[in-house]
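I opened the model to look up a few things and kept notes as I went. The entries below follow the order in which I looked.

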Amino acid sequence: SNMKFSKRLIKGKLIKRYKRFFADINIKNEIITAHCPNTGSMMGLLDQNNVVWISKNNDPKRKLKYTLEIIKAKDNLVGVNTHLANKIVYEGLSNNLIKEFMNSDSIKPEVYYNKNTRFDFLVNKNDQKHYIEVKNVTLFRTNNISEFPDAVTSRGSKHLKTLVDAIKKGYKTCILFLVQIQNMENFQIAKDIDKNYYKNYLLAKKSGVQFLAYRCNIDTNSITIEKKLNIINE
């Protein structure tokens, strides 16, 4: 039971992304507009004529029938649908694909920690509660090294501080970097992109927040957690 695409994806070429939510795509010389389910900078992925795969949804309530799912950049497939990240992780947790959380007693998605913050998962294992926050990773600037973030993320820094707070209240906490990029072996925090996030990452690590990076296997049928990566920040 992995994150399968419900219908065959359609192959095309990227013309451009604009206004964050839209992408024009050429499919057999017809130009369609797809929803772009990734509001990040998508640095390094948006070159014109990159091969892309999109899904089609015939729900009459939807203005845009197509959704951008995968981009091929520098010969690697990259899963760009951020909305699928939690689904991929939920199935990874349920199928014991994440070593640190094998044989958990319960997995609850989308749990409120306080009235301003919810975390992606609350996992109960050996009578210990773990909050897990998932970050979708699509940036790679050199071979084999995936990176986060791809733009300044004040929300990311806020989450790190809240996870530290949760440790003080007796929870275990974890950030799971979900690397939706083929062929990556390593992961690092892109400290040149967000110095403040890097600083908060180091503080969180010192306070006991666990950081994990897992890579996905990506093809046009499904996306599944495949392999743990080394985190190479000093």
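**Helix H3.** The expected span is 1.5 Å times one less than the number of residues. For the 13 residues of H3 that should be 18 Å, and the end C-alpha atoms are 19 Å apart, which agrees.

I then listed the buried residues of H3: Tyr-197, Tyr-198, Asn-200, Tyr-201 and Ala-204. They cover an arc of only 165° around the axis, so they sit on the same side of H3. The arc is taken from the directions from the helix axis to the C-beta atoms. Lys-195 and Lys-206, on the other side of H3, are exposed. Buried means under 20% relative accessible area, exposed over 50%, and partly exposed in between (1.4 Å probe, protein chains only).

At the start of H3, I found a side-chain oxygen of Asp-194 within 3.2 Å of the backbone nitrogen of Asn-196. After H3 comes Gly-208, with a positive phi near 105°.

**Source notes.** This is a predicted model, in which local features need pLDDT of at least 70 and side-chain atom pairs count only at pLDDT 80 or more, while totals for chains, interfaces and linings use all residues. Residues are numbered from 1 along each chain as its sequence is written, and side-chain values use heavy atoms, with hydrogens and water left out.

**Glu-133.** Is Glu-133 buried or exposed? Its relative accessibility is 3%, so Glu-133 counts as buried. I located Glu-133 in strand E10, residues 128-137.

**Loops.** I noted a cis peptide bond between Phe-148 and Pro-149, with omega about 0°. Pro-149 lies in the loop between strand E12 (145-148) and helix H2 (154-168).

Next I looked up positive phi values in residues other than glycine. Lys-28 has a phi near 50° and lies in the loop between strand E3 (22-27) and strand E4 (30-35). Lys-28 counts as exposed, at 81% relative accessibility. Asn-144 has a phi near 70° and is found in the loop between strand E11 (139-142) and E12. Asn-144 is partly exposed, with a relative accessible area of 34%.

Note on methods
Helices (H or I, at least four residues) and strands (E, at least two) are DSSP runs, numbered from the N terminus. A polar contact is a pair of N or O atoms within 3.5 Å; within protein, one must be able to donate a hydrogen and the other to accept it, and residues adjacent in sequence count only if both atoms are side-chain atoms.
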